[in-house]
Amino acid sequence: MGKSNPRNRAKNRNNPTAREVKPPTDPELAALRQERVLPVLKDLQSPDLKTRSTAARAITNLIENNKTRKLLLREQIVKILLEQTLTDSKPETRADGWGILQNLVLEEDSDFCVYLFRQDILTAIEGAGKSILETLDSEKVPFKNLSKSEKELVWTLASSLISLISSLSEAQNEINQAISNRFTISQFLIGTVTKGGAPDYIVLEVFNCMAILLEDNKALAQQVKEREDIFLDYLIIVKQDTDNKDYADMKGVGACQVLHNLFNSLTWYDHNTPEKGASDAGLIPTLVRAMNQAKIRTTTLKNGDSKHSSPDQVIQLALELTAAIATSLQDALEHASQPRNGKKEGQFAGIVKKEEEFGGFDDTEMTNEASEVKDEEDLVDLDAPEYENGEMNEEEIADDMELVVGEGSDDDEAANETATLDLLVQTAAPQIINLLLQNNGNRSHALSALNNIAWAVSVIDFSEQLLKKDHYLESIYELWVPVAQRIWGEIVSPFLASNSADVGLASVITSIAWALSRCVKSDIKIQPGEQRKLMALYHSSRVMIGEREEELANAVDGGDDPFQSLGVKCIGALGSLALHPASIDLNSDIGIFLLTLLSGLPDVAPAEAVEALNQIFEIYGDENYAFDEPVFWGNDFCRRLEGIQPKLKMKAKSIDKRLFPELRDQVDEAVHNLHRFLSYKRRSKAAGTLHLAMR
């Protein structure tokens, strides 16, 4: 049998990385390529340093133009940079190369960062970072002895690397994790500022980058805590320097940002921090001072710091960080309420509202919906805790409070455990309101911070039973009520009166209104007819937002939370205003609105229908409330809700469980709870009638 000739697979094979790039067919692009792109790429690879530097500056200008930037990428500029420029023997050329990469990353989308990551850019960053630290640490040629231009070259290179690390870490979680796993990169960032001499803009860039890396990153936070004490000391010193001045600057606020993300990742809260003062409470005074617009404007300009951070930027970061701290406070309160070693920790253990599945009505006797009360035992059962809309009885509350307060509790310790809440309520919220009344450019950030504070406070159970038993809780409530009233009177009411068509503003202010009314209920004094304005806002939400809101409310987009729509927020705010001890007139007005809304099923967004039902369940879940008889029974709510049941079931069946499983589950649960609610109301009514008959 004849043998076949062996094939030499490598013979005459083209190098795929050296293939010639075909010129574009578009005449304009072809001309740009020939006249501007190819010459500058050739100069970038010139043996002459001056020519290379001139080419780098020219490329920086070309990158700003979308067409020439795309042509540079087409001509494989990244390959040239990685294989030649970044490995050049001249530090000036290397700095130029990193600067070009930085500008490309800033102009391109996140996919470009992913591409660089796959080209092993992190290894190159590690090498460049190491060379910078060696320069800063050099004993042979101390950094302080370098010329001004040599120092500027080091900081320019460092700035490009820091910017690249920040962009890469934000582009994709996988990249962020890879950077965190290479602790040498974090050591470069930390060493750049802790070794001394770094200009302010470098410090700010490092703070921003480390804050990004430390966000929700317990592993990195643990490494920094254990291996970089010098960095933690540096952050505290920077913050203290700011606190000792009569103004706040971006460095102080930036240090707070890093510390907050570190504390949050380590779950260090007021009640469990292993080190005294190592919690968000220590950051709030610095942030509040940074919101003082008058001081920060004059001082910033006086000290010449406006080149790197404007007053508005300082205020914006302070507001963003305050909003983040308020969100973390909710986590802290939930954390404090969890039992550990058989006990609950902290001043707020056991008094956080539980967001659980609806469980206010007993459905063990649902086989006969028209079941009647047969004997006196049924009357006792109707007063059992299971019919009290999920509230604890006094004995259970007393048991929980014994765990909370305990014997020999120390007032100072209790205050330390709730310092973040105290400061948010007493200092941050009033300062944010002042900032909003100044009509400055940070309105959206200020409203977001105020919204987060209001929702953080709203998770605390300020029920009448607990307020009577906990003096500290009562004091917080008494502090919060006037602040909440001021927010309503100076922020919410003017917006409702303005008939504004600003959708974003409507959404956040309605959310604030919901949080306030949910927390302090009837202690909020609303203007006459303001509930009608909220109703009008609900009705106009479709017109204001158009098709986008329609998609959001019905969850056809799939990427948004339908329960965060403007319509749902209006319903939530109205329902909370109607809670006990609301007046009968106000309760009736809102109750009829909710019932009328539900009568529109199935032509009602499912999330809005669910929220309206949940509000009705909560408002009328206790037959002892003054408005139960005149409003619920007087307006025949029971019969009208029965008529809504088949419509609600039809709406549930219209939601594709495969596409929107969570939304479908919520509507299915609402169907089930409506059935239980109506059965409970009928039995409680029958029990009440029997009570009267037996007198």
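The model is predicted: local features need pLDDT of at least 70, side-chain atom pairs count only at pLDDT 80 or more, and totals for chains, interfaces and linings use all residues. Residues are numbered from 1 along each chain as its sequence is written, and side-chain values use heavy atoms, with hydrogens and water left out.

Whole-chain values are listed below.

| Item | Value |
|---|---|
| Helices | 33 |
| Strands | two |
| Buried residues | 50% of 695 residues |
| Accessible surface | about 34100 Å² |

Helices (H or I, at least four residues) and strands (E, at least two) are DSSP runs, numbered from the N terminus. Buried means under 20% relative accessible area, exposed over 50%, and partly exposed in between, with a 1.4 Å probe and protein chains only. Accessible areas come from the Shrake-Rupley method with that 1.4 Å probe; for residues, only the protein chains shown count as cover. Carbon and sulfur atoms hold 47% of the chain's accessible surface.

A nonpolar core is a set of buried Ala, Val, Leu, Ile, Met, Phe, Trp, Tyr and Cys residues joined through side-chain atoms within 4.5 Å. The largest one has 204 residues, and W98, M210, W480 and L641 have the most contacts inside it. Helix α24 (residues 471–498) contributes the most to this core, with 14 residues. Beyond its neighbours within four places in sequence, W480 contacts residues including V425, I453, L516 and V520, where contact means heavy atoms within 4.5 Å.

E152 is part of helix α8 (residues 148–171). E152 counts as partly exposed because its relative accessibility is 43%.
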